[in-house]
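Biologist: I'd like to learn how to read a structure like this one. Could you take me through it feature by feature?

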Amino acid sequence: MGEHSNWPEWVYIGVVVALLCWVGAEAWNVERLVEHVPEDAETIKVVGQQWFWTFEHEDGTKEIGELHLETGKAYRFEITSTDVIHSFNIHDYVVLLDAVPGRVNTVWFAPTEAGVYDIQCREYCGLIHYNMRGTLYVEDPT
Amino acid sequence: MVLELHKPRPVWQIMFSTHHTDVGLLYLITSLGFLFLGGALALAIRAELFFPGSQIIADSMTFNRMFTVHGTTLIFLFILPSASAVGNYFVPIMVRYKDMAYPKLNAIAFWMIPPGGALIWLGFADFTWYATPPYSVISAPGPAADMWIFGLKILGVSSILGAINFVVTILKCKHPDMSIGQVPLLAWSFLSSSLIILVALPTFAAALLMLLTDRLGVSGFFNPVLGGDPIAYAHLFWFTFHPEVYVLVIPAIGMMYEIIPRFSRRPIFSHSSGVAAFVILAIVGFSSWAHHMYATGMSFTEKTVFMVGTLAAVPASAMHVFNFLATMWGGRIRFSTPMMWAVGGIALFFSAGAGGVVNSAMPLDFVTHDSYWVVGHFHLFVMGTIAFGTIGYVYYMFPYVTGRMYHEALGKVHFVLAMVGTVMVFFTQHVLGLFGMPRRIYDYPPIPEWVAMNQIATIGAMLIGISMAIWLGNMIYSSGRGREANMEDPFGLGGKYYYPHQQKNPVH
């Protein structure tokens with residue numbers, strides 16, 4: 001020990017640190033853009049409970065287990081829960097946020113393609129967690 | 001080193017002994033027993049997920065209980081005790097002391113594990129190893145949940161007692177001629193992981209009590225109906241258990257630091273860089289706990305802080321990988337079984353770390369969070385790194401413990417099957433997570449990609465199961481009937497220089 005030089009290790013650490021700085025900066029920048037909610041976003045109230053999802057549109061219409069939205073609009077989900085923690089997830093649009101009782105969490109997205117997408121619960125919530133699923137129907141505006 | 005099975009003694013002499021190698025043997029056998037129990041649960045879980053629909057497990061509640069006990073068992077009843085086993089055998093010898101600093105405390109710390117394990121297995125709780133509130137407060141069925149809480153309480157105290165013992169043994173009982181810088185890296189790994197336990201664990205001990213009083217209905221810390229906040233539990237839990245991740249992984253890295261130089265027949269590339277990396281990990285490990293909680297609705301600032309804190313832990317882990325590779329570079333490597341496990345463990349450690357960088361980057365976490373990606377990611381640590389390092393080390397200490405050699409070819413078969421199986425299960429689970437499959441689900445819709453990847457993962461798990469059965473047979477047979485080991489140089493590496501731990505400790 002002691003007779004070898006240490007510069008390869010310092011170079012290596014430098015490369016690792018540089019990579020991490022790049023990842024961190026990119027992530028910070030992307031997240032900052034992603035979290036910026038458009039002002040004209042429609043609000044959808046989402047309530048998770050064992051073991052189904054309820055949705056309430058701005059006009060007061062309620063849906064259970066399924067959600068109908070239109071392409072070309074932005075939507076803001078206000079998510080909460082009435083019993084235990086759930087996690088509201090539309091995987092195809094990377095919408096993911098916990099439904100926490102006593103809190104309202106906000107996330108937004110803008111569907112771009114008409115189609116049928118899965119809604120699921122991503123946080124363990126008990127007996128039927130595996131089947132706490134819903135369906136998102138995205139339609140073109142008529 | 002005491003040759004436990006070479007000179008048979010009545011089992012009660014070992015059970016009531018306070019000598020460090022006897023307690024080490026008890027830790028070792030207990031932890032391996034729980035490894036096989038917890039592994040059997042994993043095989044059942046994988047078999048259930050082979051097809052959509054119900055296969056071998058009757059209902060989701062049983063399934064939920066099984067993955068809860070699987071996780072709890074392998075973390076608290078396999079990884080922690082198996083590290084203590086290695087520490088008990090080797091730390092006193094490495095710091096040249098006759099025993100652990102407090103032999104009776106050592107035995108007490110061990111004997112808290114069987115009752116803790118019994119509470120967890122007899123209760124069979126269902127609220128995940130995280131005991132997620134408010135589910136665990138208002139919904140989880142008792143007495144299983146309460147037994148889990150008491151079991152964890154006992155295991156936590158056991159960990160703290162063990163940690164105190166290691167810290168005092170290393171800092172106060174090391175030979176006066178030996179400076180702290182000369183303490184071998186395996187002992188350094190126990191020093192740093194024990195210090196983390198002492199700082200981190202009391203927080204979870206408090207959270208467990210709060211959870212218990214919440215369940216009894218006399219408080220509402222985590223129950224929103226009574227004005228509490230379940231996210232507070234998340235902070236308390238992860239403040240303990242993110243650093244605890246390093247408690248689990250650091251001794252395994254220490255074991256690799258023992259194996260890699262011996263079988264490369266070169267001294268470690270940089271002892272001081274290894275020490276520095278352990279110390280940095282032990283400190284920086286405390287700055288990242290809330291990266292488990294991005295999806296609970298944290299603010300942008302909070303997420304940024306914990307992302308930076310998480311990324312800060314990466315260079316220290318990378319220093320270990322560099323140290324291993326630089327040691328092997330130009331060495332005369334002998335790929336005996338322990339070396340194969342250590343090298344495989346390093347490869348999987350690197351993969352796990354790379355996946356961890358992805359998780360910590362805020363926008364990507366919302367793709368991977370609570371999906372099978374996370375399951376694959378942390379299993380690359382607990383199985384790929386920690387279990388691989390530990391199993392390699394069990395092979396390595398086998399001749400010192402039993403006086404006999406294991407069957408080398410079977411050891412290599414064990415490694416190859418387990419390595420292929422681990423890659424099949426956990427790399428596939430990463431991809432499965434990207435396809436959106438949530439973790440902790442008993443059944444899943446028949447989406448073709450999900451079905452295919454679950455089947456690959458299950459076949460991989462069965463390979464691991466077969467390899468572990470081979471290992472068990474090898475250990476049992478070889479400890480009684482194996483070839484006698486050459487105790488001066490069991491692995492034929494030549495040169496006394498490579499065996500500083502062969503000084504024999506007196507038996508009490």
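Modeller: Let's start with angle words: angles under 35 degrees count as roughly parallel, over 145 as roughly antiparallel, 65 to 115 as roughly perpendicular and the rest as oblique. Before we use them, note that this is a predicted model, where local features need pLDDT of at least 70, side-chain atom pairs count only at pLDDT 80 or more, and totals for chains, interfaces and linings use all residues. Residues are numbered from 1 along each chain as its sequence is written, while chains are lettered from A and ligands numbered from 1 in the order in which they are written.

Biologist: Fine. How are helix 9 and helix 10 of chain B oriented to each other?

Modeller: Two packed helices are described by the angle between their axes and the distance between the axes. Axes are lines fitted to C-alpha atoms, for helices over the stretch in contact, and angles run from 0 to 180 degrees between N-to-C directions. Helices (H or I, at least four residues) and strands (E, at least two) are DSSP runs, numbered from the N terminus. Here, helix 9 (residues 230-264) and helix 10 (residues 271-284) of chain B pack at about 175°, with axes 11 Å apart. The two are therefore roughly antiparallel.

Biologist: Which residues make the contact between them?

Modeller: Two residues are in contact if their C-beta atoms, placed from the backbone, lie within 7 Å. Helix 9 of chain B brings B:Tyr246, B:Ile250 and B:Tyr257, and helix 10 of chain B brings B:Gly274, B:Phe278, B:Leu281 and B:Ala282. By class, that contact has six nonpolar, one polar and no charged residues. For the classes, Ala, Val, Leu, Ile, Met, Phe, Trp, Tyr, Cys and Pro count as nonpolar, Asp, Glu, Lys and Arg as charged, and the others, Gly among them, as polar.

Biologist: Let's zoom out. How do I read the overall build of chain B?

Modeller: Begin with its secondary structure, which comes to 17 helices and zero strands. Next comes the radius of gyration, taken over C-alpha atoms; the globule rule is 2.2 Å times the number of residues to the power 0.38. For 508 residues a compact globule would come out near 23 Å, and chain B has 22 Å, which agrees. Its C-alpha trace spans about 65 × 50 × 45 Å along the principal axes. Of the contacts in chain B with a separation of 6 or more, 84% are between residues 24 or more positions apart.

Biologist: What share of chain B counts as buried?

Modeller: A residue is buried if 20 or more other C-beta atoms lie within 10 Å of its own, exposed if 12 or fewer, and partly exposed in between, with C-beta atoms placed from the backbone. In chain B, 58% of the 508 residues count as buried. One of them is B:Gly384, with 28 other C-beta atoms within 10 Å; B:Gly384 sits in helix 15 (residues 372-402) of chain B. B:Gly384 and B:Gly345 are 39 residues apart in sequence, yet their C-alpha atoms are 5.6 Å apart.

Biologist: And where do the two chains meet?

Modeller: At that interface, 41 residues of chain A are in contact with 45 residues of chain B. Helix 1 of chain A gives the most to chain A's side, with 14 residues. By class, chain A's side has 23 nonpolar, 10 polar and eight charged residues. Within helix 1 of chain A, A:Val16, A:Leu20, A:Gly24, A:Ala27 and A:Glu31 are buried. What covers the buried residues of that helix includes helix 11 (300-311), helix 12 (314-328) and helix 14 (362-368) of chain B.

Biologist: Are B:Thr128 and B:Ala131 buried or partly exposed?

Modeller: B:Thr128 counts as partly exposed, with 19 C-beta neighbours inside 10 Å. B:Ala131 is buried, with 24 other C-beta atoms within 10 Å.
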